[in-house]
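User: Hi! I am new to reading protein models. Could you walk me through some helices?

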Amino acid sequence: MATQNAPLSMHRAVEGLGVWEHRGKVTAVGIGHSPTARRWDGQAETAIGALAIDALRKAIEDAGVSPDQVDGLVLDPGTTTGAHWEEGDPIPMDVVNAFNPTDDPLDGIAQLSAEWLLKNMPELTNVNFTMYGRGCMSNAIVTAAQAVGDGLTNTCLVLKGWHNLAGRYYQGGANALSDRPGTAAMSTLWGTPASYGTALQFAAYCRKYGKNHDMMAPFVVNSKRNGLLFPEGFFAQHRPEPLTVEDYIAARWIAKPANLYDNDIPIMATAAYLFTTAERAKDMKQKPVYILNHASSHTAAHSLTPTLEEVEADTARTGRMLYEGAGITANDLSFENMYDGFTLFHQFHMEGLGFRGVKFGEALDFYQTDISIEGPNPVSPSGGNAGSGRTRFWMHTDCIQQIQGRAGARQITGVKAEIGVSGGPMPMGGNFTVWGATPD
Amino acid sequence: MPKQSVVADELTKPYYDACNEGRLVIQGCKTCGNLQHPAARACKQCGGSDMEWKPVSGRGKIYEYGVVHDCPIKELQADQPFNVAVITLEEDSRIQFYSHLPGVPVDEVPVGATVQVDMETTPNGQKVPEWRVVS
């Protein structure tokens, strides 16, 4: 069974589509997370394939279904953006052969295919639908939601894995060479780190609205606090130290005005969800969380990097699309869990949503108010990537757990968790989901 | 500040040949008139493939900047921290170039200032656009 990439037609990427035809008919009913690690230790039992199998099995168990009831699998086959297996590096065949391999020896080590997963999970006897939602868990989620809604699959696993290898992220490959091909050089020759583009937008934002980087501190400190309340997360598991405002402000720059804590830490981790129809979910083990809408942005920068103006236009459009398709307004949001992989762009997502009435230019002032999980305006209750490491899925897990009442110490208490929104990654370009406690 | 050497490829050879002659050109679409940078096989606006290289004045403005303290490119790490500014072109302010802004002290970039292209030679002799503040 060859696995196809999800066609763009599955995305809701324009305004004017009206309410999503499957609003309230698709549910999340199971969650599974692997343990986390900073880097791969080279062992078979901790390879990304093993972590993926672990998360998938946990999601199945959490949902209370038997594996043979699963008929679909949607995943992102990519498992990194910056830790690549360097060409020529020997592949550990003992690890490859500890599993049932595919034709690609890096399958299960530095990537994941549906074929590899099905070969190594013999209990999944009835999977007849597989699809790739490439890039992020956010895309896998919207792909799976649309697929279940369209009847392509009834009980569907949704997976994202991240591997991390020895060495520094993004420092290998072309960046380690003495020359660069001409086309690539146009955008890469000046040595911008990954967070540069966001830092540039943030600098323009501060200049335009009269703000400053120190105003980010309460948001990052709040996210780190929430992350330490996320037992599945990296910092809770390995580095349970809180971050103070002083720590944040004193941190070294990466691409000023982005400092160390504005950049997420690459880790190894996987997460899986089980989606099914609202009808099927009525009698299941966990309280179903209803998907009210999904929306996607395919917008690209006009030139080398998005400007603040382009970002603000696109996040506003994303907000409008989300509300239109879910049939809600910003006033209906209990909380928001928009992406924070570079903390400096979380505000652009939040302002685009108009969360709690926050307009463009007001988010940093909003951060100085009570944004805690105990307060009336919970911002990023998941803690996001800042709080738990670079996975781009803590936000989604938290949305589901908050609405189910299973967020543990992280459960928001100042408001009732009824409708939340998550997604990313970038303010321009990403996939977003609205989650609800009821289908209505 | 030495950069990586640039090896022109088939798509960008006209661009880099012009750089070697001290001229700045960018891609223009013959079908819809869109200007674009970086170069691509097709027009990002209309999808057409009938592209040409159009001369531009080499004047622009500084849109904004960041200061790189932790650079992923090995060749540049000895020079960090350094400025990286985004320059917008006079002919079309949506067109951007990156610049290390030679001559401008680190973190003292005059946002909004006018700049002029000033070709810089990379280690293998290939020139690339850099930009100098003129006002």
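This is a predicted model: local features need pLDDT of at least 70, side-chain atom pairs count only at pLDDT 80 or more; totals for chains, interfaces and linings use all residues.

User: Which strands and helix of chain A do the buried residues of H1(A) pack against?

Analyst: Residues are numbered from 1 along each chain, chains are lettered from A, and side-chain values use heavy atoms, without hydrogens or water. Helices are DSSP runs of H or I with at least four residues, and strands are E runs of at least two, numbered from the N terminus. Buried means under 20% relative accessible area (1.4 Å probe, protein chains only), and contact means heavy atoms within 4.5 Å. Here, the buried residues of H1(A) pack against strands S2 (26-33), S3 (72-75), S5 (155-162) and S9 (269-277), and helix H3 (114-120).

User: Why is H1(A) called largely enclosed?

Analyst: Because 12 of its 16 residues are buried. Among them are Ile48(A), Leu56(A) and Asp62(A). Just after H1(A), Gly64(A) has a positive phi of about 75°.

User: How are two packed helices described?

Analyst: By the angle and the distance between their axes. Axes are lines fitted to C-alpha atoms over the stretch in contact, with angles from 0 to 180 degrees between N-to-C directions. Those of H11(A) (308-326) and H12(A) (346-353) come within 7 Å and cross at roughly 50°. The two helices are therefore oblique, as angles under 35 degrees are roughly parallel, over 145 roughly antiparallel, 65 to 115 roughly perpendicular and the rest oblique. Residues making the contact include Leu308(A) of H11(A) and Phe348(A) of H12(A).

How values were computed
Buried means under 20% relative accessible area, exposed over 50%, partly exposed in between (1.4 Å probe, protein chains only).
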